[in-house]
Amino acid sequence: MLDPHTLRSELDDIAVALNKRNMTLDTSSIQELEDKRKIIQTKTEELQSLRNSKSKEIGQLKSKGEDAQGVMNEVATIKAQLDESESELNEIQLSLNDILIGIPNIPHVSVPEGSTEDDNEEVRKWGEPKDFDFEPKDHVDLGEALGLIDFETATKITSSRFVVMHGGIAKLHRALIQFMLDTHSEEHGYSEINVPYLVNADSCMGTGQLPKFEEDLFHIKEHGLYLIPTAEIPVTNTVRGEILSDAELPKKYICHTPCFRSEAGSYGKDTRGMIRQHQFEKVEMVQMVKPDTSYDVLEELLGHAEAILQKLELPYRVVNLCGGDLGFSSAKTYDIEVWLPGQNTYREISSCSNFEAFQARRMKARWRNPETNKPELLHTLNGSGLAVGRTLIAVMENYQNEDGNITIPEVLRQYMNNQTVIS
RNA sequence: GGAGAGGUGGCAGAGUGGUCGAAUGCACUGGUCUUGAAAACCAGCGAUCCUUUAUCGGUUCCGUGGGUUCGAAUCCCACCCUCUCCGCCA
């Protein structure tokens, strides 16, 4: 959510800033509502004030045993006006709030112009895609040949876009999770946190998945809960409604969860293999920080995600998302794309974002600034560190051998009984 | 799932229709005192929104949402949550 004050006072500037996302803000209807709001709110509060003072007067008269009927009649007329004024105000505020809650975050100045992913800006490349002296297979062929990845059974027990993994692949998957958690908690200073996988609507509102993107979520209607599409929701919402002290910041959490996405609207996209599943696992970094540090922290967070790929020796590139490709709540996002020999291309494996105060405002997540001694909004950030399913694919495809076996990356062997190869 | 109790400021806890945003204690902040600290004493100490350059002023908030009333922390209704006991259960 944007700051209502700023929206009011700098409406046109904000509309221009949002053009970067290829969106046009209906400034005239906002202005109109806002003008009405100002008048009605002032009027309502004046009437409330009058009612309060008159009611007190009644109390005083009665306690002295005097007649209060005259004042009571007076208040009755005030009350009729007040009821009308209050409901009008309520309506205006609901409309304004509906608009406000649906406006995306303002892109940071360093976000490139553009409308599609083709306009994203490559920041850097790391590592060289390996030259295979045979035709590299993709993870589906590799996994099925090994008999360790089974889509058919998953479809039988659930539906499409699910997978069953066996033996060495299942173990490799688990090793990746542990490796990531250990690296972030031991080397990057994150505290490990374990959270619920079902969240309520308030939490989804807080981080921005609701109300606009309900169709992307799995909804357990009879309980009013949602399956998390990312650990961002439960972890970030731990500070919802809180006022943190200076000493508690920054908060750095590392969290492993499964993620559930309905993938509505992506029919026919990435239907082969494990790239796009309804259920996948992710290790997520989440930070709550003081506002003046958040852009430094974003670079740091990005580095933490890159460190995982570097340790796994997987080639990747970093892109700075253009305005049109930016997520709803984000002010700036870097994607990391890993090299997949089976697809002969780079594919997204991590997304690191600074939300500035956008989520914090929705969540009322604040800290007490010792300089002002007043509560101020936090900045929130998160990044995948990394998407485990896609990392598994990247390891399989980049570490494949001509015989179809997969060499286990050095750093993962300690998690796999020092095994060196999956066959 | 059944029975009972309860949700008030950072914490503890009073308040059952009127001057209550809310006693008191603790914690915290500032001051006096002290070589320094502690103790003692004095003072301060929630958030929200509107108006305003700012001050001043006003609004709203006692789990949440409705209702009754001139007036609600207090009465009524619904919901949520917590605790205790019983049942079930990884």
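**A tour by question**

Guide: Let's start at valine 388, which sits in helix H12. Keep in mind that this is a predicted model.

Visitor: Is valine 388 buried or exposed?

Guide: The cut-off for buried is under 20% relative accessible area. Valine 388 comes in at 0%, so the residue counts as buried.

Visitor: What share of the contacts in chain A with a separation of 6 or more is between residues 24 or more positions apart?

Guide: Chain A has 423 residues, and 50% of them are buried. The chain is built with 12 helices and 18 strands. For contacts with a separation of 6 or more, the share from residues 24 or more positions apart is 73%.

Visitor: And what are the spans of the C-alpha trace along its principal axes?

Guide: That's for chain A, the one with 12 helices and 18 strands. Along the principal axes, its C-alpha trace spans about 100 × 45 × 40 Å.

Visitor: On to the pockets. How much space lies in the largest pocket?

Guide: The lining takes in 50 residues, with Arg261, Arg276, Gly327, Glu348 and Ser351 nearest the centre. The space in this largest pocket is about 1800 Å³.

Visitor: What is the volume of the second largest pocket?

Guide: Its lining has 15 residues, and those nearest the centre are Pro4, Arg8, Glu34, Leu96 and Leu100. Helices H1 (4-9), H3 (27-63) and H4 (69-101) each give two or more residues to the lining. By class, there are eight nonpolar, four polar and three charged residues. The volume of the second largest pocket is about 260 Å³.

Visitor: Now salt bridges: which residue does lysine 54 pair with?

Guide: The structure holds 17 salt bridges. In this one the N to O distance is 2.9 Å, and the partner of lysine 54 is glutamate 74.

Visitor: How many residues apart are lysine 54 and glutamate 74?

Guide: Lysine 54 is buried at 17% relative accessible area, while glutamate 74 is partly exposed at 35%. The pair links distant parts of the chain, lysine 54 being in helix H3 and glutamate 74 in helix H4, and the separation is 20 residues.

Visitor: What about lysine 252 and glutamate 300: how many residues apart are they?

Guide: Their closest N and O atoms are 3.9 Å apart, in a salt bridge. Lysine 252 counts as buried at 17% relative accessibility, and glutamate 300 is partly exposed at 36%. This pair also links distant parts of the chain, from strand S9 to helix H10, and the separation is 48 residues.

Visitor: Which residues do salt bridges with shared partners join into one network?

Guide: One bridge to look at is lysine 125 with glutamate 122, at 3.8 Å from N to O. Glutamate 122 counts as partly exposed at 37% relative accessibility. The network as a whole consists of Glu122, Lys125, Arg317 and Glu337.

Visitor: Last stop, helix H5. Within what arc do its buried residues fall?

Guide: The buried residues in H5 (139-146) are His139, Val140, Leu142, Gly143 and Leu146. They line one face of the helix, because seen down its axis they fall within an arc of 165°.

Visitor: And what covers those buried residues of H5?

Guide: Just past the end of H5, glycine 147 takes a positive phi of about 75°. The cover over the buried residues includes strand S2, helix H6, H12, strand S17 and strand S18.

How values were computed: Residues are numbered from 1 along each chain as its sequence is written. Chains are lettered from A and ligands numbered from 1 in the order in which they are written. This is a predicted model: local features need pLDDT of at least 70, side-chain atom pairs count only at pLDDT 80 or more; totals for chains, interfaces and linings use all residues. Side-chain values use heavy atoms; hydrogens and water are left out. On a 1 Å grid over the protein atoms alone, a cavity is a set of points where a 1.4 Å probe fits but cannot get out, and a pocket is an open set with protein on both sides within 12 Å along at least five of seven lines; lining residues have an atom within 4 Å of a point. Grid points are joined across faces, edges and corners, and a volume is the space filled by probe spheres set on the points. Helices (H or I, at least four residues) and strands (E, at least two) are DSSP runs, numbered from the N terminus. Ala, Val, Leu, Ile, Met, Phe, Trp, Tyr, Cys and Pro count as nonpolar, Asp, Glu, Lys and Arg as charged, and the others, Gly among them, as polar. A salt bridge is a side-chain nitrogen of Lys or Arg within 4 Å of a carboxyl oxygen of Asp or Glu. Buried means under 20% relative accessible area, exposed over 50%, partly exposed in between (1.4 Å probe, protein chains only). The arc is that of the directions from the helix axis to the C-beta atoms. Contact means heavy atoms within 4.5 Å.
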